[in-house]
Amino acid sequence: MKPHKQIKDWGLGLNSPLIIAGPCSAESPEQIENICKGMLEENVIPSMFRVGIWKPRTRPGSFEGIGEEGLKWMEIVRHHLNIPVTTEVGNAGHVEIALKNKVDVLWIGARTTVNPFAVQEIAEALRGVDIPVMVKNPMNPDLDLWMGALERMHAVGIDKLAAIHRGFSDAYDKRFRNKPNWSMPIHLKRVWQGMEVINDPSHIVGKRDGILEISQRAMNFGLDGLMIETHHDPDNAWSDAKQQVTPRALKEILNSIDFKTPLEQQKPSERLNDLRRAVDHMDDQLLDILQERFAVIDQIGEHKRENHLTVFQSDRWKEVMESRTQKGIQKNLSEKFMKELLYCIHEESVKRQEKQLREAAPVKK
C-alpha cells in the first residue's frame with residue numbers, strides 16, 4: 001500500500017496509544033464544560049476529544065445531532081484541555097462546516113463507510129486539504145469496503161490516515177452491540193503495513209460493563225488506541241446513554257489496562273527468535289503433511305472418477321468432522337478452530353476431486 005503518515009506525525013502532538021474520549025453527542029455548552037471539568041478534576045486528559053455533531057439514525061424522529069452550533073462549543077474544549085477535537089462527517093456539507101469551524105481531525109462513520117458514493121463525495125470535498133481522517137469499519141465485516149474508504153481518502157491527497165474498529169453487526173450474537181471480529185482489524189494491519197487501528201469499545205459492547213475487557217483485548221491484539229464515549233452524566237445523555245462512562249470511570253478503565261509495547265518498537269529477544277524459528281520449522285512440517293494428504297486425496301479422486309462416484313459423501317464428511325473435532329478438543333484445540341480448519345481442508349479436497357472429474361469428462365459436440 002502507498003505510504004501514509006503515522007499518528008505521531010500528524011503535527012498534533014499525539015502519541016501511542018492514542019486515547020480519544022468525549023460524548024456521543026454534543027448537547028449544550030454546559031455539557032461540554034462539565035465533561036472538560038470532570039476530566040481535569042480526575043486528571044484524565046485524553047489525547048483527543050471526540051464529539052458527535054451529526055448523528056445518523058435508522059429512523060427519523062430521534063435526536064439527530066445538534067448541528068453546526070455544537071462545533072462552536074469546541075472552543076470550550078480547547079480552552080480547558082488544549083487538545084485536538086474530532087467529529088464525524090457524513091457528506092460534503094458536513095466537511096465544509098467542520099473545516100470552517102477548525103475541527104482538527106475528521107472521522108467517517110460505519111454507516112457512511114458502506115456507501116462508496118458517500119465516501120467519494122467526502123473525499124472530493126477534502127481534495128487538497130491537509131487534515132487527518134479516521135475511517136470506521138463498515139457495518140458488516142467487509143475488509144475491501146473498509147480499505148476502499150481509506151484508499152479513496154489517500155487518492156485525493158489525504159496522507160494522515162487511521163482506521164477505527166467499532167465492531168460488526170451480528171443479529172445472532174447477543175453478547176455485543178457490534179461483534180468485535182478481531183481478525184478484521186488484525187488483517188487490515190497485516191495487508192496495509194503501518195495502518196494504525198483505534199478500537200472503539202463503546203460501540204462494540206453497547207454498555208458500560210465490558211468496556212475494560214474489550215479495551216484490554218484490543219491492546220493485547222496490538223491495536224493502537226481507544227475511543228471511549230465519556231459524559232459527565234451518562235444516564236441522562238441524549239444518545240447512547242448505556243455505553244457512555246463518566247470521567248472518573250474513564251480514569252479507572254485506563255488505569256486498569258495493561259498497555260502492551262508493540263514488538264515493532266523494540267528488538268525481539270533471542271528467546272523470542274528461538275521460539276519463532278521453532279514455529280517456522282513446524283510450519284514447514286505442516287506443509288509437508290498437507291502435501292502428502294492432498295496427494296492421497298488426488299488418488300481418492302482418481303478412484304471416484306474411474307468408478308463413476310460423486311465427489312461429496314455426506315456420511316463420510318459428518319464422520320470426519322465429528323471425530324477430528326473431538327480429537328482436536330482433546331489436544332486443547334478449540335471446537336471453533338477445528339471446524340474452520342476441517343472445513344477449509346474439505347473445501348480444497350472437494351475442489352481437487354471435482355477438477356479431476358471435469359478434466360476426465362468427455363467433451364460434447
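Q: Which cysteine sulfur is closest to the sulfur of C36, and how far away is it?
A: That's the one in C24, with the two sulfurs 16 Å apart, so they are too far from each other for a bond. Bear in mind this is a predicted model: local features need pLDDT of at least 70, side-chain atom pairs count only at pLDDT 80 or more, and totals for chains, interfaces and linings use all residues. Residues are numbered from 1 along each chain as its sequence is written, and side-chain values use heavy atoms, with hydrogens and water left out.

Q: Is C36 buried or exposed?
A: C36 is buried, at a relative accessible area of 0%. Buried means under 20% relative accessible area, exposed over 50%, and partly exposed in between, using a 1.4 Å probe and protein chains only. C344, on the other hand, has 51% relative accessibility and counts as exposed.

Q: Switching to S349, where is it found?
A: In helix α14, residues 335–360. Helices here are DSSP runs of H or I with at least four residues, strands are runs of E with at least two, and both are numbered from the N terminus.

Q: And what does S349 touch there?
A: Not counting residues up to four places away in sequence, S349 touches R293, F294 and I297, where contact means heavy atoms within 4.5 Å. The side chains of S349 and R293 are also joined by a polar contact of 3.5 Å, meaning a pair of N or O atoms within 3.5 Å; within protein, one must be able to donate a hydrogen and the other to accept it, and residues adjacent in sequence count only if both atoms are side-chain atoms. S349 is buried, at 5% relative accessibility.

Q: What about D104, where does it sit?
A: D104 is in the loop between α4 (92–100) and β4 (105–108). It is partly exposed, at 21% relative accessible area.

Q: What does its side chain reach?
A: The side chain of D104 reaches the backbone nitrogen of V85 at 2.8 Å. Leaving aside neighbours within four places in sequence, D104 is in contact with residues including L12, R78 and P132. P132 is 28 residues from D104 in sequence, and their C-alpha atoms are 7.5 Å apart.

Q: Zooming out, how many helices and strands are there?
A: The chain has 14 helices and eight strands, and 44% of its 365 residues are buried.

Definitions and conventions. A disulfide is a pair of cysteine sulfur atoms within 2.5 Å.
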